[in-house]
Amino acid sequence: MSFTKTAWKNIRRSPYQALAAISIMTLTFLAISFFTFLLAGSSKVIDYFESKPQVTAFFKNEAKPEDITALQSQLQATGKVASVKFVSKEDALKIYREQNKDDPLLLDLVTADVLPSSFEISTIKIEDLSNISNTLTKSPLVSEVVYQKDVVSTLSAWTSAIRKIGITLIVLLSLVSMFIMVTIIGIKISQKKEDIEIMKLIGATNWYIRWPFLFEGIVYGIVGAVIGWAIATAGLLYATPFLETFLKGIPVLPVSYLQLLILLGLEALLAAILGIVSSYLAVLRYLK
Amino acid sequence: MIKLDKVSKKFGTGTFGLLDVSLVVEKGEFVFLVGSTGAGKTTIFRILIRDVLPTEGTVVVNDWDVVHLPKNKISSLRKKVGFVFQDLKLLLDRTIFENVALPLEVTGVKIEETAKTVEDVLAQVGLLEHKDKFPVQLSGGELQRAAIARALVLSPDILLADEPTGNLDAATSWEIVKLLSDINKKGTTVVMATHNADIVKSLGKRVIHLEKGKIVDDQVHHSHANPHKDQNSEEHEEKSEEKKLSEAKSSSAGEKKEEKSSSTGEDKKE
């Protein structure tokens with residue numbers, strides 16, 4: 001195709017302009033990828049906490065099994081509870097041993113007697129957490145109530161802040177990259193004004209003139225998107241081992257390659273749209 | 001083939017580039033357009049390829065109503081009318097071959113398929129051996145041929161040549177005119193703007209004489225016919241004009257452009 005050849009020549013002959021266009025696109029898509037990872041990750045973390053037993057009630061040693069069963073039925077009768085799981089002293093010991101299997105000293109110290117039995121309760125709606133926790137606190141069987149409302153609400157607040165910052169930043173960067181692209185393509189059109197005039201005089205159609213510029217915009221967009229995505233993905237893969245340790249069993253990582261490729265595809269599409277819109281604006285502005 | 005009916009062109013400055021010009025050029029004719037700079041030769045050409053629109057009048061080229069031609073048909077018109085520009089308008093970053101191939105390229109013909117056509121045309125103008133050179137490597141006469149080759153490559157029905165001998169010595173000028181004459185013999189209508197009186201007189205073709213945007217004379221000049229008095233004085237004028245031109249050329253290009261457009265008011269391209 002002759003317009004691809006023309007576009008390639010245009011790119012090659014002004015490498016700094018091409019570099020500027022690709023850099024700003026890279027930056028934009030780096031930000032898009034980064035915030036996509038962050039938002040996807042944090043929403044998974046929230047999902048995890050939301051689906052986990054959100055209230056843990058530890059029973060006093062003197063609590064009788066039939067009282068505990070009665071309490072369980074009472075909780076289920078409210079209709080707000082998704083599940084109630086009884087963890088006996090022996091179960092608790094198992095969990096404890098599992099968590100501390102690398103530390104024999106700690107294992108020796110603890111027996112099933114020391115550990116309390118407990119209920120792990122999750123609610124259908126996160127708002128009902130405090131209600132349930134109040135009920136449990138009042139019960140004479142319960143010695144202590146721990147619930148993760150704080151964790152979830154803090155996370156939710158953070159996620160919504162990240163989303164706002166991310167969207168603002170991405171919109172701003174997209175606008176800036178569009179302005180830069182319009183300027184760069186505009187400069188290129190101005191530089192070739194004479195050539196364009198000659199081609200028009202010998203019978204070139206407007207689209208024949210426009211296509212190379214539009215194609216150039218698409219190329220800048222897609223190259224920038226691929227580089228931005230590659231940097232963000234490489235960073236993510238590199239950080240995966242550390243993050244896995246940090247997140248301790250929360251199933252956020254590793255991200256599947258399919259999802260990464262889908263992200264790349266969407267970004268490339270967005271980049272092509274961004275590129276073609278910017279160059280079309282430039283063409284409208286500078287080619288009459 | 002070409003028909004201008006009461007065509008006037010008024011420029012933004014208020015001066016008339018053309019005033020009430022009517023003329024008909026039949027298919028296969030060879031016509032000279034003469035007159036001093038600013039007489040309106042280039043303006044007629046630019047109107048014919050719809051580079052500018054006339055203020056009044058109707059223009060018909062090849063059954064096309066040029067004035068009312070829809071925008072998307074302009075490129076079709078320009079492909080049917082070969083134009084040798086006064087300033088040639090060759091692309092300096094392309095070889096002669098690529099320059100001549102350009103009209104084919106913009107038509108959407110693949111480069112590989114154009115090679116034969118381009119080489120034929122280059123052979124016709126005698127430039128085949130220079131096809132891979134760039135414009136800066138060629139002489140004035142060769143560049144003129146290249147421009148003619150580019151105008152011919154789409155086999156147009158009409159060839160417009162604007163001062164194709166303007167910057168050339170007498171011998172080279174004759175070669176160019178001979179080339180145009182050969183092209184005409186193959187059936188292409190040729191309109192050539194010039195102020196080279198020698199060529200006009202000796203070729204014995206139809207001559208349209210423009211002065212200040214009006215046709216002052218339109219007749220066939222027979223070879224060896226005695227030029228009447230007016231012609232002589234005109235010739236004299238032309239010479240002084242040429243002198244001025246070379247003077248202007250020695251000064252800077254920018255100055256030249258400015259002086260031209262202000263003094264002629266006709267055409268920035270001159």
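Among the contacts in chain B between residues at least 6 apart in sequence, two residues being in contact if their C-beta atoms, placed from the backbone, lie within 7 Å, 67% join residues at least 24 apart. The model is a predicted one, in which local features need pLDDT of at least 70 and side-chain atom pairs count only at pLDDT 80 or more, whereas totals for chains, interfaces and linings use all residues. Residues are numbered from 1 along each chain as its sequence is written, while chains are lettered from A and ligands numbered from 1 in the order in which they are written. Buried residues (20 or more other C-beta atoms within 10 Å of their own, with C-beta atoms placed from the backbone) account for 39% of the 270 residues of chain B. Chain B contains nine helices and 10 strands, these being DSSP runs of H or I with at least four residues and of E with at least two, respectively, numbered from the N terminus.

The contact between the chains draws 13 residues from chain B and 10 residues from chain A. On the side of chain B that touches chain A, helix 2 (74-80) and helix 3 (96-107) each supply at least two residues, and helix 3 of chain B gives the most, with five residues.

In chain A, strand 1 (residues 55-59) runs antiparallel to strand 3 (residues 118-123) and is joined to strand 3 by four bridges, pairing being assigned if DSSP finds at least two bridges between two strands. Within this pair, Phe119(A) in strand 3 is the bridge partner of Ala57(A). Strand 2 (residues 81-87) of chain A is likewise antiparallel to strand 3, through six bridges, and Ser83(A) stands opposite Ser122(A) of strand 3.

Conventions
A residue is buried if 20 or more other C-beta atoms lie within 10 Å of its own, exposed if 12 or fewer, and partly exposed in between; C-beta atoms are placed from the backbone.
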